[in-house]
Amino acid sequence: MKRILLIVVLFCTTIAFSQEKYFEDEVRKISKRIELITKTEKAALTEKVKLINKRLEKKEITSEEAQRLKKEAAEFHAKVIADKVAVEEGKLQMLVQDKANGKIKSKVVVTEVKKKKERYYDDEDSFTIGNRTFRFSIANNEDNLERRKEWLRRRRNRWDRKGKRSRSTTTQFVFAMGVNNVLVDHELSTLKNSDYKFWESHFYELGWTWKTRMDREASKLYFKYGVSFLWNNLRPKNNMYHVVNGNKTDLVVHAEKLDENRLRHVQMNFPIHFEWDFSRDGEYADGTKRDRTNRSIRIGIGAFAGFKLGTRQYIEYVDGSNVKVEELQKDNFNMNKFNYGLSAYLAWRDVGVYAKYDMNPLFKNTKVRNLSLGIRLDLN
């Protein structure tokens with residue numbers, strides 16, 4: 001308990017010393033508060049006058065009533081300003097008295113220099129620890145509006161200097177899923193006699209892409225590139241599973257009836273596409289075209305290259321003793337480590353159909369190549 005009290009006393013002492021005030025700083029803070037009071041009340045008066053004028057235009061009140069209401073509003077806000085300023089003037093008088101009595105120190109004005117401007121902090125929105133001042137502020141709506149206008153003006157100027165009015169590069173999160181199978185010697189007809197189940201062999205893809213406009217001005221052609229991770233599953237037919245025989249991998253019938261037989265290989269790819277995005281361009285107020293994407297039909301044609309991160313085979317069955325057996329086999333299964341191929345998609349807005357075909361064989365010393373068909377999401 002004594003230790004806790006000691007810590008509290010030390011903390012309070014530190015805060016007390018860190019909040020030391022100086023005469024010049026306090027005068028500026030009072031001046032800023034008086035200025036803010038006047039500005040706020042004048043803005044409130046302006047809004048009341050606008051409402052009175054609208055009522056007059058709608059003939060809800062007469063001209064004489066409008067003048068009377070405006071006069072009352074002006075007198076009210078003038079009194080508010082006078083009362084609040086009087087309070088601040090009282091604080092200023094006390095400050096001068098404290099200065100005369102030596103209760104508050106004077107100092108050479110220390111300013112924070114930024115672009116040759118002086119910045120002073122209000123005690124209502126700042127605190128000091130040691131020789132560092134930390135500030136937070138909640139600006140009124142009028143201040144926020146002015147800052148927003150200034151930011152927009154600077155952005156337009158920056159775009160005009162660069163010769164563009166919209167971003168040339170956007171990013172998308174990509175998710176794709178569908179069915180996985182193989183072709184032999186590039187023959188599509190071999191898909192009918194494939195050793196793998198078509199609808200039960202799935203693939204999943206997660207990735208991130210960048211989409212860059214090919215022209216400085218708004219256009220339809222883009223270059224799309226990124227990185228993605230794929231989980232490819234192949235489920236053999238006829239109770240078969242993969243067996244490594246030296247430098248070859250064969251499909252062999254298992255002695256037990258398999259409840260699960262799946263070969264999964266995970267790979268990391270780097271896809272690139274040329275994309276035609278037929279989204280209608282927008283326009284700014286001055287007639288300048290504004291580039292818009294993922295609002296209409298999109299066609300992407302390209303390629304990919306990557307490498308495999310790992311391969312596993314999952315086998316499940318019930319043996320002769322009625323014991324459920326689950327096997328997880330880790331091996332490369334003579335798969336080619338590096339892979340490359342072609343890919344394309346046809347989409348409407350964010351959703352499209354997707355095809356991907358490996359140009360190099362899936363297994364070494366074979367002519368079997370992976371084919372993926374599915375749906376694809378490109379979320380802007």
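Modeller: Before we start, two strands pair if DSSP finds at least two bridges between them, and helices (H or I, at least four residues) and strands (E, at least two) are DSSP runs numbered from the N terminus. This is a predicted model, where local features need pLDDT of at least 70, side-chain atom pairs count only at pLDDT 80 or more, and totals for chains, interfaces and linings use all residues. Residues are numbered from 1 along each chain as its sequence is written, and side-chain values use heavy atoms, with hydrogens and water left out.

Colleague: Okay, how many bridges join strand E13 to strand E14?

Modeller: E13 covers residues 338–348 and E14 covers residues 351–358.

Colleague: What is the bridge partner of Gly 352 in E15?

Modeller: E14 also pairs with strand E15 (residues 368–379), in the antiparallel sense, over 7 bridges. In E15, the partner of Gly 352 is Arg 376.

Colleague: Over to the helices: are H2 and H3 roughly parallel or roughly antiparallel?

Modeller: Axes are lines fitted to C-alpha atoms, for helices over the stretch in contact (heavy atoms within 4.5 Å), and angles run from 0 to 180 degrees between N-to-C directions. Those of H2 (residues 23–57) and H3 (residues 63–100) come within 10 Å and cross at roughly 175 degrees. Angles under 35 degrees count as roughly parallel, over 145 as roughly antiparallel, 65 to 115 as roughly perpendicular and the rest as oblique. So H2 and H3 are roughly antiparallel.

Colleague: How far apart are the end C-alpha atoms of H2?

Modeller: The expected span is 1.5 Å times one less than the number of residues. H2 has 35 residues, so it should span 51 Å, and the model agrees with that. Its end C-alpha atoms are 52 Å apart.

Colleague: Last one: is Phe 333 buried or exposed?

Modeller: Phe 333 is in the loop between E12 and E13, with a positive phi near 50 degrees. Buried means under 20% relative accessible area, exposed over 50%, partly exposed in between (1.4 Å probe, protein chains only). At 3%, Phe 333 is therefore buried.
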